[in-house]
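Reader: I would like to learn how to read a structure feature by feature. Can we work through one together?

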Amino acid sequence: MAPIGNWRPMLSLVMGLIAVPAADVCAEEQAVKIGWLSQTANRTAPHAYLDRPPADEGIQGARLGIADNSTTGHFTGQLFQLVERLAPVEGDIAAAFRDLATNNMRLIVTDLAAPELLSVAALPEAASVVIFNTAAPDDRLRGADCRANILHLPPSRAMLADALVQYLVTKNWTGILLVVGRGDADREFAADVRHAAKKFGARIVQEKPWTFIPGARRTDTGHFAIQAEVARFTQGISYDVLVVADEQDEFGDQLPYRTYDPKLVAGTQGLVPSAWARPHEQWGATQLQERFLRQAKRWMTDRDYTAWTAVRAIGEAATRSKSADPGAISTFLRSDQFELAGYKGARLSFRSWDGQLRQPILLADARSLVSVSPPPGRFLHQFSELDTLGIDKPETKCRLG
Amino acid sequence: MPTGMTCRLVAIPAMALLCAGGIATADTIYVSNEKDNTITVVDGVSLAPVRTIAVGQRPRGILLSKDEKSLYICASDSDHIEVVDLAAERVVRNLPSGPDPEYFALDPAGKVLYIANEDSNLVTVVDIERGEVVTEIPVGVEPEGMGLSPDGKYLVNTSETTSMAHVIDTAKREVVANVLVDSRPRRAVWTDDSAQFWVSAEIGGTISVVDAAKYEIVKRITFAVPGMPAEAIQPVGVAITRDRKLAFAALGPANRVAVIDAQSYEVMRYLLVGQRVWNLAFNPDQTRLYTTNGVSNDISVIDLAALKVIKSIPVGQSPWGVVSRR
């Protein structure tokens, strides 16, 4: 990439020769500053030894978003800068947020869990800030606990559950055995699956909590115990598909191939609904995957994708509104004119009622993309088929002040 | 398409062409198949596939040489351009292209190729005779469409993620103007009088008609297919007749080609073709339009006098580019 300095002669040449639509913004370079706030979390190792969570998850997506915005910025005279703040485990997240806000950062991308996100959004310094949630899928953030100063990039758990059940109903696999882990997140996802089943015409034939805690995976012959346990757990139930809720990855990967009857597994493991997936290569996604691989030397995860999307949304709004002013950018982001290309075959935009990014959901396993929800023409909607996923305007509990 | 219709369709082309007021010049159609690394050769008279030519990895953009004796192919995953001798029907030479060539344009003299390198934000300029890269021009993120003005003086490159049409002065080999268009621009196609270039936006769902003197958008053409969600309308391929009476837009997963009055910009009708229609090419005398349909693995033949689809022809896997020669 050529250093920015090399571009100046070209930009002035552009202005000298002809009137281009971007000429007025070329006159003076505008700086768009974006804050990044994340907190190191002590994450439990996933059950599978493979794919251990990378330490730089999320931030790498934001950095790639800055690089993409900057390439466009060369032509429009806009500079994009990411100011990164990483709070340690149990560190003072409020202080880190204040540090960004008092340094005139009014667009702040966060990689935080729901409680921390709500705590920074409530700070007096956050009143004039737009916060971009890239990590918390909690339904309450789009419902009773929604905030006017937060936009949500990850699909909510309700959207993920709807996307999965839409596919199951399309396949006519409507009998669901729902297996629920011990986390609060698992209980929320299970409730969302129940809601989705009612909404799209599937049924939960049985719901069972998973309570068996297997020993260390490396214990010799440990696979016998888990095989026997899963077979016993699923015996005597008539169902089409086992849907598992296990966000912490404690047992879900051990269900496939071990059920009593030969049944498929979907949910948080098996066939997984997600914002991004490694096998995804349609609608130009190969290019984003390649760019990310080159930069980060690893595959793009969901959180990298949502962070990239947040930064690109800001970039797109800055380009279209021809402004570096955070107020103008935020107004444009929420307007009908905003649309973002996110490599998923549809234009992405923010829902007015809860600040959630409207987006297709990928359904993939580890090695292949199986489907993309909503399936075209199958679930109709008055305004946008994308709004068949998650909580729609008439049913929202969110009241934005 | 139901198989029962095949017999009936065979008879139609000849009739349709008679209605058009003359027999179309016999042509040969070449289609690049992205997924099976081949070029399908289709006979324009019988409208049947006759041969396949093995080429490099992931062939996408294709172009005829000026003398129409060779075919240039963007072999995207082989990271070079291949030259197929159309008499011998085999690859006889490779040209450098920079990484991941997707689409390109040939200067009117037939000596220089301008290549979009999708992965590296560059347009690479290649001297065909010498087989060398002359220069690289930095553009936006994911360069894609390449439209050369009929006089060869200006090249319009679109960059998908930057959402711009970059106008490049081919003598200076520099970007001289940028026009912001709708999301994910794909093709840039000039009118024959050099007065305009048309830019399709796949995610934006529009075609921007740009005044080539002022670099201003004079019209944004939008599409609405009854019963089809707006998200499914994703314009990619654009073709404009030499007399600028008609224009055509391939609407991707809407499985339709829009017929546009190129003077009033009104959409006249939508023609149902194969699935995920992407690229378009006229036959030499512009009595027909061919479309590549990436999901149904076929090409559709549109009769331009009747504005009707007269035949679907099976080709290879994921057909991408199409050209036709006498």
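Author: We start with one residue. B:N37 is buried, with 20 other C-beta atoms within 10 Å. Keep in mind that this is a predicted model.

Reader: Where is B:N37 placed?

Author: B:N37 sits in the loop between strand 1 (28-33) and strand 2 (38-43) of chain B. Its backbone deserves a look too. B:N37 has a positive phi of about 55°, although it is not a glycine.

Reader: Which phi does B:E89 have?

Author: Phi of B:E89 is near 55°, a positive value in a residue other than glycine. B:E89 lies in the loop between strand 6 (80-85) and strand 7 (90-96) of chain B.

Reader: Now strands. How do I read the side chains along one?

Author: In a regular strand the side chains alternate between the two faces of the sheet. Take strand 25 (residues 288-293) of chain B. B:R288, B:Y290 and B:T292 point one way from strand 25 of chain B. B:L289, B:T291 and B:N293 point the other way.

Reader: How many residues of strand 25 of chain B are buried?

Author: Six of its six residues are buried, so strand 25 of chain B is mostly covered by the cut-off of 20 or more C-beta atoms within 10 Å.

Reader: What does strand 25 of chain B pair with?

Author: The general idea comes before the case. Strands of a sheet pair through backbone hydrogen bonds, either parallel or antiparallel. Strand 24 (residues 277-282) of chain B pairs with strand 25 of chain B in the antiparallel sense, over four bridges. There, B:V277 stands opposite B:N293 in strand 25 of chain B. Strand 25 of chain B also pairs with strand 26 (residues 298-303) of chain B, in the antiparallel sense over six bridges. In that pair, B:T292 stands opposite B:I299 in strand 26 of chain B.

Reader: Which residues in these two hairpins take a positive phi?

Author: Strands 24 and 25 of chain B form a hairpin with five residues between the strands, and B:Q286 takes a positive phi near 55° there. The hairpin of strand 25 and strand 26 of chain B has four residues between them. In its turn, B:N297 has a positive phi of about 55°.

Reader: How do I read a sheet as a unit?

Author: An open sheet of four strands in chain B has the order 16-17-18-19, with antiparallel pairing. Strand 16 (185-190) and strand 19 (216-222) of chain B are the edge strands: each pairs on one side only. Neighbouring strands of this sheet are turned by 20° against each other on average, direction ignored. Inside the sheet, six bridges join strand 17 (residues 196-201) of chain B to strand 18 (residues 206-211) of chain B. One of the partners is B:I207 in strand 18 of chain B, across from B:S200.

Reader: Turn to chain A. How many helices and strands are there in chain A?

Author: Chain A has eleven helices and 15 strands. Of its 401 residues, 48% count as buried. Its domain assignment gives domain 1 (26-155 + 275-359) and domain 2 (158-274). The centres of domain 1 and domain 2 of chain A, taken over C-alpha atoms, are separated by 31 Å.

Reader: How do I check a helix?

Author: The general idea is the turn. An α-helix has 3.6 residues a turn, so residues three or four places apart point the same way. Then look at the span. Helix 8 (residues 222-234) of chain A has 13 residues and reaches 19 Å from its first C-alpha to its last, close to the 18 Å expected at 1.5 Å a residue. Just after helix 8 of chain A, A:G236 takes a positive phi of about 75°.

Reader: Which residues does a cis peptide bond join in chain A?

Author: The bond joins A:S373 and A:P374, with omega about 0°. A:P374 is in the segment after strand 15 (369-373) of chain A.

Reader: Last, the interface. How many residues does the contact take from each chain?

Author: The contact takes 22 residues from chain A and 26 residues from chain B. On the side of chain A that touches chain B, helix 3 of chain A gives the largest share, four residues. By class, that side has twelve nonpolar, five polar and five charged residues.

Methods: Residues numbered from 1 in each chain as written. Chains lettered and ligands numbered in written order. Predicted model: local features only at pLDDT ≥ 70, side-chain atom pairs only at ≥ 80, totals over all residues. Contact = placed C-beta atoms within 7 Å. Nonpolar A, V, L, I, M, F, W, Y, C, P; charged D, E, K, R; others polar. Pairing = 2+ DSSP bridges. Axes fitted to C-alpha atoms, helices over the stretch in contact; angles between N-to-C directions. Expected span 1.5 Å × (residues − 1). Buried ≥ 20, exposed ≤ 12 C-beta atoms within 10 Å, placed from the backbone. Domains from an automatic or database assignment.
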